[in-house]
Amino acid sequence: MSWFNKLVVSLMPLAPKVFIGQVAKRYIAGVTLEDGLQTIAGLNSRGYLGTMDVLGESITDKAGTETPMRLYQALIHELGNNPDLRTGISVKLTQLGLDIDEEFAWGNLKKLLDFAREIDLFMRIDMEDSSVTSKTLQMFERAHEYYPNTGIVLQAYLHRSEEDMKHLMDLDANIRLCKGIYKESPEIAFQGKEKIRENYIKLGKMYLDAGKYLAIATHDDHLIDHLHTYIANKNIPDAQYEYQALLGVPIDNILNTLVEEGHKVRIYVPFGEEWYAYSSRRLKENPDIAGYVIKDFFK
Ligand code: FDA
């Protein structure tokens, strides 16, 4: 990381909200449900699939889960009214109360699963930091048994992910494989780009070889190329994989080529009022964005 980027990351907590707001414009569809649906319609028209996320996480009181629950219900309702939209949804369990009480979170999740079942909607459970990995996987298992049209996420940087993957294989789970975004210690997580890449490739191949469904969620062209070639050489059927990227990350050239070649490419589309934490994370991930935002400011 350059000294400038390090400086940007270290100054992040001091960044005015208006600055993070400029970053948010790039990474979120907007604040309303309508913004989210319009973004999906636009992506669909260009051959992309979507997964919609109501922004928010780490809720610490039961009343705080009411707003995200209402928004998710409204979202599922609208997707029922717009069956032409090709999208699933993504959910974070701490938004449903996982940090408060597991049974309470399960009650919320079960309600959303019931709504999703009515329209046969695919729901993926995002993976959060390591303090909730086990609980998230347990909850996923319960959800999957209750409504099988659900998926989960594994993080290639965690040492435990290989064992978790073997277990998920037995459940025939649909896995999104990502590198992992939270800061984790060397005791539990690989550190450094190369080590994480190595494990990503190992896990990706392991799941594909087992004949299970893998969503390859990365913007790292090295990983995309590597697994793309592997899939082609092994004649792995289209029905067994897809590529995924976050809205706003500038890798359109790679994604457009994948779409043109007929591969499934899904874009993660967050929307809602709670854009601050999500956008701060994106900025930390790629501090170069700070430079673009500053340039835009002065244009
Ligand atoms: P890497 O960080 O090496 O980036 C590869 C290239 O893309 C670099 O050139 C980089 O600059 C560029 N790039 C990456 N992020 C960028 C950005 N925000 N803006 C501009 N350029 C950027 N994590 C998690 O812990 N739990 C989860 O549930 C999910 N879910 C999820 C869904 C989807 C669809 C994706 C694509 C990613 C996630 N992630 C996630 C995030 C993931 O763990 C990881 O942090 C990011 O994808 C960044 O890692 P890359 O694999 O893209 O590689």
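I count two residues as in contact when heavy atoms lie within 4.5 Å. The model I am reading is predicted.

**Entry: isoleucine 251**

I looked up the contacts of isoleucine 251 first. Leaving out residues up to four places away in sequence, isoleucine 251 touches Thr218, His219, Ile224 and Ala245. Where does isoleucine 251 sit? I found isoleucine 251 in the loop between strand S7 (241-246) and helix H10 (252-260). Buried or exposed? Isoleucine 251 has 10% relative accessibility, so I log it as buried, since the cut-off for buried is under 20%. I also took one distance.

**Entry: the whole chain**

Next I stepped back to the protein chain. I count twelve helices and eight strands in it. What radius of gyration goes with 299 residues? A compact globule of that length would come near 19 Å, and the protein chain has 19 Å, so the two agree. The C-alpha trace spans about 50 × 50 × 45 Å along its principal axes.

I checked burial next. Of the 299 residues, 52% are buried. Then I checked the contacts. Among those with a separation of 6 or more, 74% join residues 24 or more positions apart.

For charge, I noted 34 positive and 43 negative side chains. The centres of the two sets lie 4 Å apart.

Nonpolar side chains tend to be buried together in soluble globular proteins. I went looking for such groups here. Which residues touch the most other members of the largest nonpolar core? They are Leu75, Ile89, Leu109, Ile152, Leu168 and Ile267, in a core of 85 residues. There is also a second, separate core of five residues, and Leu158, Tyr182, Ala189 and Ile196 are among them.

Neighbours within four places in sequence are left aside here. Isoleucine 89 is in contact with Thr51, Met52, Tyr72, Leu75, Ile76, Leu79, Leu121, Phe122, Met123 and Arg124. I followed two of these partners, Thr51 and Leu79.

**Entry: leucine 79**

Leucine 79 lies in helix H4. Its relative accessibility is 7%, so I count leucine 79 as buried. Beyond residues up to four places away in sequence, leucine 79 touches Leu37, Met52, Leu85, Thr87, Ile89, Ile119 and Leu121.

**Entry: threonine 51**

Threonine 51 lies in strand S1. At 5% relative accessibility, threonine 51 also counts as buried. Which residues does threonine 51 touch, not counting those up to four places away in sequence? My list reads Ile40, Thr87, Gly88, Ile89, Ser90, Arg176, Arg266, Ile267, Tyr268 and Val269. Ile89 and Ile267 on that list were also named in the largest nonpolar core. From threonine 51 to arginine 86 I get 8.7 Å, C-alpha to C-alpha, across 35 residues of sequence.

**Entry: isoleucine 100**

I turned to a loop again. Isoleucine 100 is placed between strand S2 (87-91) and H5. Its relative accessibility is 28%, so isoleucine 100 goes down as partly exposed. With residues up to four places away in sequence left out, isoleucine 100 touches Ile59, Thr60, Asp61, Lys62 and Thr65. Isoleucine 100 and threonine 60 are 40 residues apart in sequence. Their C-alpha atoms are 5.9 Å apart.

**Entry: positive phi**

Last, I looked at backbone angles. Phi of serine 58 is near 50°, a positive value in a residue other than glycine. Serine 58 is in the loop between strand S1 (49-54) and helix H4 (66-81). With a relative accessible area of 44%, serine 58 is partly exposed.

Where is aspartate 120? I find aspartate 120 in the loop between helix H5 (102-118) and strand S3 (123-125). Its relative accessible area is 59%, so I record aspartate 120 as exposed.

Notes: Residues numbered from 1 in each chain as written. Predicted model: local features only at pLDDT ≥ 70, side-chain atom pairs only at ≥ 80, totals over all residues. Heavy atoms only, no water. Helix = DSSP H or I, 4+ residues; strand = E, 2+ residues; numbered from the N terminus. Rg over C-alpha atoms; globule rule 2.2 N^0.38 Å. Buried < 20%, exposed > 50% of the residue type's maximum accessible area, 1.4 Å probe, protein only. Lys, Arg positive; Asp, Glu negative; His and termini not counted. Charge placed at Lys NZ, Arg CZ, Asp CG, Glu CD. Core = buried A, V, L, I, M, F, W, Y, C linked by side-chain atoms within 4.5 Å.
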